[in-house]
Amino acid sequence: MASTILKRATTSVMRSRMESFFIGASRSYASVAVGIDIVSAAPDVSLQKARSWDEGVSSNFSTTPLKDIFKGKKVVIFGLPGAYTGVCSQQHVPSYKKSIDKFKAKGIDSVVCVAVNDPYVMNAWADKLEAKDAIEFYGDFDGSFHKSLELGKDLSAALLGPRSERWSAYVVDGKVKALNVEKAPSDFKVSGAEVILEQI
């Protein structure tokens, strides 16, 4: 009897945690908004370009300031909960990879993927997806970039810990011209390439 009650309680807790992740765990907006300067919104924040460990050592573990990514350029950036996860691998990155020629035709200088992962994981994942020639991959190893934009997300319910929302933005010379944030990190409705292509 006791074991039955414990099993039911455990099942209820797990169901509640997973429902909060897949359904109601996220908001439909973030403090970052159309019109802001993304570099100023995340002062003193740098990202880590995807690379092998040996490349990291040889570069003295260098990082890339946001101004080097955004200033004087037209950039499409998309953020996702994590490398090797389902929607990210099967839908999100592939949507941008297959649309890279369309972005270039619209004058986009670079398409950037960022996730709360270290740059070595991002590098291996980009290689697996065969997407490095089309997309620039960056790690946000400590989540500081997403935290600064209030796009951070606690995904402990899925055993991922602190991560990010699923989102996309069109940025011109640092200024956000279009922004899309999914209502839940498992959604893939507004942050794909097809949507933002229409916003450029």
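1. A definition to begin with: buried means under 20% relative accessible area, exposed means over 50%, and partly exposed is in between (1.4 Å probe, protein chains only). By that rule Trp 125 is buried, because its relative accessible area is 0%.

2. A word on the basis of these notes. The model is predicted, so local features need pLDDT of at least 70 and side-chain atom pairs count only at pLDDT 80 or more, while totals for chains, interfaces and linings use all residues. Residues are numbered from 1 along each chain as its sequence is written, and side-chain values use heavy atoms, leaving out hydrogens and water.

3. Now the sheet. Helices (H or I, at least four residues) and strands (E, at least two) are DSSP runs, numbered from the N terminus, and two strands pair if DSSP finds at least two bridges between them. The 7 strands form an open sheet with mixed pairing, in the order 2-1-5-4-3-8-9. Strand 2 (64-65) and strand 9 (175-181) are at the edges with a single partner strand each, so one side of each has no neighbour in the sheet. Strand 1 (residues 46-49) pairs with strand 5 (residues 136-139) in the antiparallel sense over 2 bridges, and Lys 49 has Tyr 138 as its bridge partner in strand 5.

4. Next, the helices on the sheet. Contact means heavy atoms within 4.5 Å; axes are lines fitted to C-alpha atoms, for helices over the stretch in contact, with angles from 0 to 180 degrees between N-to-C directions. Helix 5 packs on the sheet and touches strand 3, strand 4 (110-115), strand 5 and strand 8, making about 175° with the direction of strand 3. Helix 7 lies across strand 1, strand 3, strand 4 and strand 5, at about 150° to strand 5.

5. Which residues of helix 7 are buried? They are Pro 119, Met 122, Asn 123, Trp 125, Ala 126 and Leu 129, and they pack against strand 1, strand 3, helix 5, strand 4 and strand 5. At the start of helix 7, a side-chain oxygen of Asp 118 comes within 2.9 Å of the backbone nitrogen of Tyr 120. Just after helix 7, Glu 130 has a positive phi of about 55°.

6. On to the aromatics. Rings of Phe, Tyr and Trp (its six-membered ring) pair if their centres lie within 6.5 Å; planes under 30 degrees apart count as stacked, over 60 as edge-to-face and the rest as tilted. The whole structure holds 7 aromatic pairs. Tyr 84 and Trp 125 have ring centres 6.4 Å apart and planes at 45°, so this pair is tilted. The two are 41 residues apart, with Tyr 84 in the loop between strand 3 (74-80) and helix 5 (86-97) and Trp 125 in helix 7 (residues 119-129). Tyr 84 is partly exposed at 43%.

7. Phe 145 and Trp 167 are also tilted, because their centres are 6.3 Å apart and their planes at 40°. Phe 145 is in helix 8 (residues 144-148) and Trp 167 in strand 8 (residues 167-172), so the pair ties together parts 22 residues apart in sequence. Phe 145 is buried at 0%, and Trp 167 is buried at 1%. Elsewhere, ring pairs link Trp 53, Phe 61 and Tyr 120 into a cluster.

8. Lastly, please look at Arg 166, in the loop between strand 7 (162-164) and strand 8. Arg 166 is buried, with a relative accessible area of 3%. A polar atom of its side chain lies 3.1 Å from the backbone oxygen of Asp 187.

Note on methods:
A polar contact is a pair of N or O atoms within 3.5 Å; within protein, one must be able to donate a hydrogen and the other to accept it, and residues adjacent in sequence count only if both atoms are side-chain atoms.
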